[in-house]
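Q: I've got a new model open and I'd like to learn how to read it. Can you walk me through it, one feature at a time?

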Amino acid sequence: MNRGFYTIMAAQFFSSLADNALLIAAIALLAEMSSPGWMTPLLKLFFVLSYVLLAAFVGAFADSLPKGRVMFITNMIKIAGCLMMFTDVHPLIAYGVVGFGAAAYSPAKYGILTELLPAEKLVAANGWIEGLTMASIILGTVLGGALVSPHVVSILLQWHIPIFDWHLNTPTHAALIVIGILYIIATVFNLKIPDTGARYPHQQRRPSKLIVDFANCCAILWKDKLGQISLAVTTLFWGAGATLQFIVLKWAEKSLGMPLDKAAILQGVVAFGVAIGASAAARMIPLKKSLTVMPMGIVMGLVVMAMTVVHSVWVAYPLLIIIGALSGYFVVPMNALLQHRGHVLMSAGHSIAVQNFNENLSVLTMLVLYALMIKINLDVNIVILLFGSFVACIMFLIMRKHAANQREHDSLALIGEVKH
């Protein structure tokens, strides 16, 4: 890997670290406002809404400028969302603005990998990126939990900025200052990202043309025998992963008796497992063997269901690490395969935008269903059983579809194909 790749990793790490810490701070802010419980998963829903609504436009935007510049601009949008939360704009709206920045940031972040690296390095690169992203989720959720804990809040509230003669007067304002600093560090790294020299044809600017072009890109990727399988797997994974974040928080509260600042650590434990699985996949699974990891998705769904019989923190930790490791091990090769097929069939920015649209449509759907389950007071153990069985069944159907594709034609021969 070259120096530019490590700069991209650093920018992604600090930006993701701030995103995840901000989610915990926003949850704490909703609790301060005495908001109903079903509103908490809506934070993530508002965050990912932009990924769906802007999917037709962010790919063209990512391909219209050097990717590093796109990442700088979109990180500034995240800072604006953080400032809105600081100025007492409702957390759902403010976190939605952060999601707007993240939606435009993502095609550039992943698209630049295909510009910077050859196909044979994409699994390793994705392993690094996903491993580091999971590390940022671990540290971000733990940091967010720490920033809203009574002990740290008492320290932060003593801060005084003499230049402005200004004191921090609320716990969340203190947390948001620290999170804002993380976004600023990410912005500095964005400015250091090198220009890869990749240039694409002039991008459409008319919304109607962009929507038609995006629809064509979606159709191309879903019709491709490798693209449809890898896209189906990553779509399921990200929808399930976003929902699992909130299931873990509710499960920790009901089954383990943990408050928010302690429950946030369990989210980090899952992410730690994902980092382990992602690192193992990066070392052990070449792109040609990427589809061999699909059974891990079924195993993960079944292991999740074991959460219903766990009531001890010391049992919960290894169980959540195993769930995370299984997730990371099967999603990293599939993500690399999807990026490879997207790069072969269309431009980098457009392919990532198609991926984000499908994955976050899954996130929206699953979070809405989860919010409805919470609203009707469905027991968390029933929710976990439904969730685990759903993941296992869908993965089984995807594997059946891949087997049917293979009987028609050896689609594995397409791996490593040069760009059209």
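This is a predicted model: local features need pLDDT of at least 70, side-chain atom pairs count only at pLDDT 80 or more; totals for chains, interfaces and linings use all residues.

Q: Does tyrosine 329 count as buried or exposed?

A: The idea is to look at relative accessibility, where buried means under 20%. Tyrosine 329 comes out at 16%, so it counts as buried.

Q: Which residues is tyrosine 329 in contact with, once neighbours within four places in sequence are left aside?

A: Here you look for heavy atoms within 4.5 Å. For tyrosine 329 that gives Gly277, Ala278, Ala280, Ala281, Met284, Ile285, Val293 and Met296. Take isoleucine 285 as one case: 44 residues separate it from tyrosine 329 in sequence, and the C-alpha to C-alpha distance is 9.0 Å.

Q: How do I read contacts over the whole protein chain?

A: Ask how far apart in sequence the partners are. Of the contacts between residues at least 6 apart in sequence, 83% join residues at least 24 apart. The protein chain has 15 helices and 2 strands, and 57% of its 420 residues are buried.

Q: Where is the kink in helix H2 centred?

A: For a kink, you compare the helix axis on either side of a residue. In H2 (residues 40–53) there is a kink of about 30°, and it is centred on phenylalanine 47. Phenylalanine 47 is also one of the buried residues of H2.

Q: How many residues of H2 are buried?

A: A general point first: an α-helix has 3.6 residues a turn, so residues three or four places apart point the same way. In H2, 11 of the 14 residues are buried, so the helix is mostly covered. The buried set includes Leu42, Leu43, Lys44 and Leu45.

Q: What about the surface?

A: Begin with the total. The accessible surface of the protein chain is about 17,100 Å², and carbon and sulfur atoms account for 70% of that. Then look for patches: Val368, Leu369 and Leu372 make a nonpolar one of about 250 Å². Valine 368 sits in helix H14 (residues 348–375) and, at 37% relative accessibility, counts as partly exposed.

Q: How many disulfides does the structure hold?

A: You'd look for paired cysteine sulfur atoms, and here the count is 0.

How values were computed:
Residues are numbered from 1 along each chain as its sequence is written. Side-chain values use heavy atoms; hydrogens and water are left out. Patches are made of residues with over 30% relative accessible area and no salt bridge: like charges are joined within 9 Å, nonpolar side chains (Val, Leu, Ile, Met, Phe, Trp, Tyr) within 5 Å. Accessible areas come from the Shrake-Rupley method with a 1.4 Å probe; for residues, only the protein chains shown count as cover. A salt bridge is a side-chain nitrogen of Lys or Arg within 4 Å of a carboxyl oxygen of Asp or Glu. Helices (H or I, at least four residues) and strands (E, at least two) are DSSP runs, numbered from the N terminus. Buried means under 20% relative accessible area, exposed over 50%, partly exposed in between (1.4 Å probe, protein chains only). A disulfide is a pair of cysteine sulfur atoms within 2.5 Å. The bend at a residue is the angle between axes fitted to the seven residues ending there and the seven starting there.
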